[in-house]
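Please look over the sequence and the model shown here before reading the notes. The briefing is arranged by topic.

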Amino acid sequence: MDFEKEEVSATSKRLDEETLFIVSQTFKALSDPTRIRILNLLCSGEYSVNDLAEKLNLGQSTVSHQLRFLKQLRLVKYRRAGTTLYYSEDDDHVMNLLKQAIEHAIHH
């Protein structure tokens, strides 16, 4: 029991304003169905904006807007090949959260 209290106490001490903001932004990113669909697809590899838009049946501007949000949170990254940007996942921790949430929803 004392070990559990120490663990909770250590976690609470690390919960400063910056940490709270990052956690809330992460959950905000995972709260939007379009962003979930994009991140889920990026789990399987890298895609251009056009590829994402086509596979998800979304407009390019919608995909670009969501990718900007995800990039600001460092959840996705990109590489340039000529004039095309290819996006991929950039945060294993958050992708694991997403996968666990999807598995939970499927088995629930």
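This is a predicted model: local features need pLDDT of at least 70, side-chain atom pairs count only at pLDDT 80 or more; totals for chains, interfaces and linings use all residues.

Residues are numbered from 1 along each chain as its sequence is written, and side-chain values use heavy atoms, with hydrogens and water left out. The chain contains 6 helices and 3 strands, in the sequence pattern α-α-α-β-α-α-β-β-α.

**Overall make-up**

- Helices (H or I, at least four residues) and strands (E, at least two) are DSSP runs, numbered from the N terminus.
- Of the 108 residues, 29% are buried, where buried means under 20% relative accessible area, exposed over 50%, and partly exposed in between (1.4 Å probe, protein chains only).
- The chain exposes about 7800 Å², and carbon and sulfur atoms supply 51% of that area; accessible areas come from the Shrake-Rupley method with a 1.4 Å probe, and for residues only the protein chains shown count as cover.
- Contact means heavy atoms within 4.5 Å. Among contacts between residues at least 6 apart in sequence, 50% join residues at least 24 apart.

**The sheet**

- The 3 strands form an open sheet in the order β1-β3-β2, with antiparallel pairing; two strands pair if DSSP finds at least two bridges between them.
- β1 (47-48) and β2 (76-81) are at the edges with a single partner strand each, so one side of each has no neighbour in the sheet.
- β1 is joined to β3 (residues 84-89) by 2 bridges: Tyr-47 has Tyr-87 as its bridge partner, and Ser-48 has Tyr-86.
- Helix α3 packs on the sheet and touches β1, β2 and β3, with its direction at about 90° to that of β3.
- β2 and β3 run antiparallel and are joined by 6 bridges; Tyr-78 stands opposite Tyr-87 in β3.
- The hairpin of β2 and β3 has 2 residues between the strands, and Gly-82 takes a positive phi near 70° there.

**Helix packing**

- Two packed helices are described by the angle between their axes and the distance between the axes. Axes are lines fitted to C-alpha atoms, for helices over the stretch in contact, and angles run from 0 to 180 degrees between N-to-C directions.
- Angles under 35 degrees count as roughly parallel, over 145 as roughly antiparallel, 65 to 115 as roughly perpendicular and the rest as oblique.
- Helix α3 (residues 33-42) packs against helix α6 (residues 92-107) at about 105°, with the axes 11 Å apart, and the two are therefore roughly perpendicular.
- In this contact α3 supplies Ile-36, Leu-39 and Asn-40, and α6 supplies Met-95, Leu-98 and Ile-102.
- The residues of the contact of α3 with α6 comprise 5 nonpolar, 1 polar and no charged; Ala, Val, Leu, Ile, Met, Phe, Trp, Tyr, Cys and Pro count as nonpolar, Asp, Glu, Lys and Arg as charged, and the others, Gly among them, as polar.
- The axes of α3 and α5 (residues 60-72) come within 10 Å and cross at roughly 80°, so this pair is roughly perpendicular.
- Residues in the contact of α3 with α5 include Ile-38 and Leu-42 of α3, and Val-63 and Phe-69 of α5.
- The contact of α3 with α5 divides into 7 nonpolar, 3 polar and 1 charged.

**Buried residues**

- Met-95, in helix α6, has 1% relative accessibility and counts as buried.
- Leaving aside neighbours within four places in sequence, Met-95 is in contact with Leu-39, Cys-43 and Glu-89.
- The C-alpha atoms of Met-95 and Asn-40 are 8.1 Å apart, although 55 residues separate them along the chain.
- Leu-30 sits in the loop between α2 (17-29) and α3 and is buried at 16% relative accessible area.
- Not counting residues up to four places away in sequence, Leu-30 touches Ile-36, Leu-39, Val-94, Leu-97 and Leu-98.
- Leu-30 and Val-94 are 64 residues apart in sequence and 8.8 Å apart from C-alpha to C-alpha.

**Positive phi outside glycine**

- Asn-57, in the loop between α4 (49-56) and α5, has a positive phi near 55° and is exposed at 72% relative accessible area.
- Arg-74, in the loop between α5 and β2, has a positive phi near 60° and is exposed at 64% relative accessible area.
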